[in-house]
Amino acid sequence: MAEGSSGSEFTLDSIRKSLIRQEDTIVFCLMERARFPINSALYNQSLDLVPGFSGPLVDFIVQETEAVQAKAGRYVNPEENPFFPDNLPPSLVPNYNYSQVLHPGGASININKAIWDMYLNQLLPLFVVAGDDGNYASTAASDLSCLQALSRRIHYGKFVAEIKFRDAPHDYEPLIRAKDADELMKLLTDKRVEEMVKKRVEKKAIVFGQDVSGSNNADSKHYKVGPSVVARLYDEWVIPLTKRVEVEYLIRRLN
Ligand SMILES: C=C(O[C@@H]1C=C(C(=O)O)C=C[C@H]1O)C(=O)O
């Protein structure tokens, strides 16, 4: 089921390994987006750059791309969640038999609206330079890669929550029956792991993002995406949103 783990292995350890692997994807996606300036025309609500489509160009590109990917079966995979779920075409390809480890209620959880708002309004301005180079289609493709990588990581909270529930049903059940979101949040939180995650992603931004030259002296002062931005992304948004998915999943777990 999971990126980097076999279908038969479903443990907190294997899920965490997948989250670690997904950090690489996220850091590389951000580095790719940082090749382009902000290109704010792409996000302008009122420019109407595409005849017959009302809304920002980025919405047009993401909606059209998601429609193609939906036809090719992307959203049949329980790890994938669309940003524009309304009016998506059905899959046209034979269904792959994904292992069904999640409770059926998990399918209705999609917090991509919050991820989209965070990415465009808060994160982007922190790591791209000002300016407009006209490369709107490439920039939007890069945005979508970032958004999909972040969305996959954050919605992975469903798998994390399922395994935590299976490992300690007697601890979780009373809180789920009481719909006690605050206590569920406390129970699923592991501060030690969170600190390790934040340190590791900062290090990845340093290692992956330095300019490598032919000589032995790597330029350690110039990074493609600031390591502190990546640490902040995880601290302020990725980890809290993953935990929000975990709580939302657990609340539905006994329905
Ligand atoms: C994802 C987990 O659950 C919580 C969220 C974490 C995260 O988003 O990185 C880390 C630790 C936990 O507080 C986990 O335990 O691995």
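Trainee: How many cavities of 30 Å³ or more does a search of the whole structure find?
Mentor: Keep in mind that this is a predicted model. A cavity here is a set of points where a 1.4 Å probe fits but cannot get out. With that rule, the search of the whole structure, at 30 Å³ or more, comes back with 1 cavity.

Trainee: Okay, which residues line the largest cavity?
Mentor: About 40 Å³ of space lies inside it. By class, its lining has no nonpolar residues, 3 polar and 3 charged. By name, the lining is Glu79, Glu80, Asn81, Gln148, Ser151 and Arg152.

Trainee: On to pockets: what is the volume of the largest pocket?
Mentor: Its lining runs to 21 residues, and Arg16, Leu19, Arg153, Val193 and Val197 lie nearest its centre. Sorted by class, that lining has 8 nonpolar, 1 polar and 12 charged residues. As for the volume, the largest pocket comes to about 380 Å³.

Trainee: Where does the ligand sit?
Mentor: Start with the helices: H1, H5, H8 and H9 each give at least two residues to the lining of the largest pocket. Those helices, spanning 12–33, 157–167, 191–209 and 227–252, also each supply at least two residues of the shell around the ligand. The space the ligand takes up is the largest pocket.

Trainee: Which helix gives the largest share of the shell around the ligand?
Mentor: The shell has 15 residues, and the closest are Arg16, Arg153, Lys164, Asp190 and Glu194. By class, it splits into 6 nonpolar, 2 polar and 7 charged residues. With 4 residues, the largest share comes from H9.

Trainee: What is the distance from a polar side-chain atom of Glu194 to an oxygen atom of the ligand?
Mentor: The cut-off for a polar contact is 3.5 Å between N or O atoms. Arg153 has a side-chain N or O atom 2.8 Å from a ligand oxygen, and for Glu246 the corresponding distance is 2.9 Å. For Glu194, it is 2.6 Å.

Trainee: And how much of the ligand's exposed area does the protein bury?
Mentor: Take the ligand alone as your reference: it exposes 360 Å².

Note on methods:
Residues numbered from 1 in each chain as written. Predicted model: local features only at pLDDT ≥ 70, side-chain atom pairs only at ≥ 80, totals over all residues. Heavy atoms only, no water. Near = heavy atom within 4 Å. Polar contact = N/O pair within 3.5 Å; in protein donor to acceptor, adjacent residues only side chain to side chain. Areas by Shrake-Rupley, 256 points an atom, 1.4 Å probe, with all protein chains shown as cover. 1 Å grid on protein atoms, 1.4 Å probe; cavity = no way out; pocket = protein on both sides within 12 Å on 5 of 7 lines; lining within 4 Å. Sits in = over half its atoms within 2 Å of the grid points. Nonpolar A, V, L, I, M, F, W, Y, C, P; charged D, E, K, R; others polar. Points joined across faces, edges and corners; volume = space filled by probe spheres on them.
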